[in-house]
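Visitor: Could you take me through one part of this model up close? I'd like to see how the pieces there pack, and then how that part sits in the wider picture.

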Amino acid sequence: MAVRRTALPLGVPVLPAESMDWKAPMSDVKSARPLSPHISIYRFRPTMAMSIVHRITGGALYVGTLFLVWWLVAAAGGPDSFAAASGFFGSFLGKLILFGYSWALIHHMLGGIRHFVWDMGHADSRETSTKLAVATLIGSVALTVLLWLGILIFG
Amino acid sequence: MSDFRTPLRRVRGLGAAGGTEHFWQQRLTAVANVFLITFFVILLLTLMNESYEGVRAAFANPFVGIVMALVVVSATIHMKLGMQVIIEDYVHGGAKLPLLILNTFFAIAVAAACLFAIVKMSFGA
């Protein structure tokens with residue numbers, strides 16, 4: 001059976017080994033429990049980048065739901081409020097935000113599918129997970145470009 | 001003998017029960033989101049050049065109303081769980097609890113506002 005190594009997400013503080021109270025019981029949540037691994041000693045890998053990008057896109061999608069609220073409430077409000085919201089989303093800034101949001105959405109979705117693959121116990125070797133991480137980025141950029149080419153041509 | 005559980009876990013006395021709830025809800029809403037968000041994106045594409053009347057006519061359709069309500073519910077649960085993990089990972093000390101509360105409030109506020117708009121448009125008011 002394969003042994004899973006789980007890394008901490010980038011930026012999670014890890015206490016140096018010498019500062020840890022190794023004799024404290026693990027149930028004592030106030031003690032400095034040994035956290036593994038020491039992120040700083042690892043060579044940078046695509047899986048690390050895709051891990052943190054999954055979080056960043058998730059955070060962006062979270063904040064961006066305010067645009068969904070605006071659009072829906074404006075449409076429910078009446079022609080005037082809808083025209084204001086439509087005007088914004090049709091502007092250069094609005095389109096730029098929608099372009100970024102669509103990439104974040106597609107990237108986060110592909111990243112989520114990658115998590116499903118792992119959950120089913122596949123593709124977790126070092127080589128395959130790296131390939132999958134790179135494929136997630138290439139796939140999300142390609143799909144976003146295709147989406148917006150479609151909008152430009154047929155829109 | 002060492003006890004590997006936290007004090008809270010011990011006092012709740014549930015053993016391993018309920019420990020996978022967060023993980024499971026996150027995956028369940030993720031599966032739902034793949035289909036629901038895809039529907040939402042396709043809906044947006046069809047409404048892209050539509051007038052106010054056209055958009056309102058689309059949202060008056062019961063199927064669009066119901067699925068859009070599901071989009072909002074599934075997405076807001078998923079984002080609440082995701083942001084909770086981010087806060088728990090990076091924020092320690094006094095700010096953690098207020099942020100966790102704010103996170104829940106934000107997700108519910110977004111859901112409430114969206115659902116109100118969807119229901120209003122469904123019933124044509």
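**A loop, a helix pair and the partner chain**

Guide: Let's start in chain A, at A:Ala123, which is in the loop between helix H3 (92–119) and helix H4 (126–154). Keep in mind that this is a predicted model. A:Ala123 is not a glycine, yet its phi is positive, at about 55°. As for its surroundings, A:Ala123 has 13 C-beta neighbours inside 10 Å, so it counts as partly exposed; the cut-off for exposed is 12 or fewer, and for buried 20 or more.

Staying in chain A, have a look at helix H1 (residues 46–77) and helix H2 (residues 79–90). Two packed helices are described by the angle between their axes and the distance between the axes. Here the axes of H1(A) and H2(A) come within 6 Å and cross at roughly 150°. Anything over 145 degrees counts as roughly antiparallel, and H1(A) and H2(A) are therefore roughly antiparallel to each other. As for handedness, the crossing of H1(A) past H2(A) is left-handed.

Who does the touching? On the H1(A) side you'll find A:Trp70, A:Trp71, A:Ala74, A:Ala75 and A:Gly77, and these meet A:Ser81, A:Phe82, A:Ala84 and A:Ala85 of H2(A). Sorted by class, that contact of H1(A) with H2(A) has 7 nonpolar and 2 polar residues, with no charged ones.

Buried residues are 18% of the 125 in chain B. If you take the contacts in chain B with a separation of 6 or more, 74% of them link residues 24 or more positions apart.

Finally, the place where the two chains meet: 29 residues of chain B are in contact with 26 residues of chain A. On the chain B side, the elements that give two or more residues are helix H2 (21–47), helix H3 (52–60), helix H4 (62–90) and helix H5 (96–122). H5(B) gives the most, with 7 residues. By class, this side of chain B has 19 nonpolar, 4 polar and 6 charged residues.

Conventions. Residues numbered from 1 in each chain as written. Chains lettered and ligands numbered in written order. Predicted model: local features only at pLDDT ≥ 70, side-chain atom pairs only at ≥ 80, totals over all residues. Axes fitted to C-alpha atoms, helices over the stretch in contact; angles between N-to-C directions. Helix = DSSP H or I, 4+ residues; strand = E, 2+ residues; numbered from the N terminus. Parallel < 35°, antiparallel > 145°, perpendicular 65-115°, else oblique. Left-handed = near helix turned anticlockwise from the far one by under 90°. Contact = placed C-beta atoms within 7 Å. Nonpolar A, V, L, I, M, F, W, Y, C, P; charged D, E, K, R; others polar.
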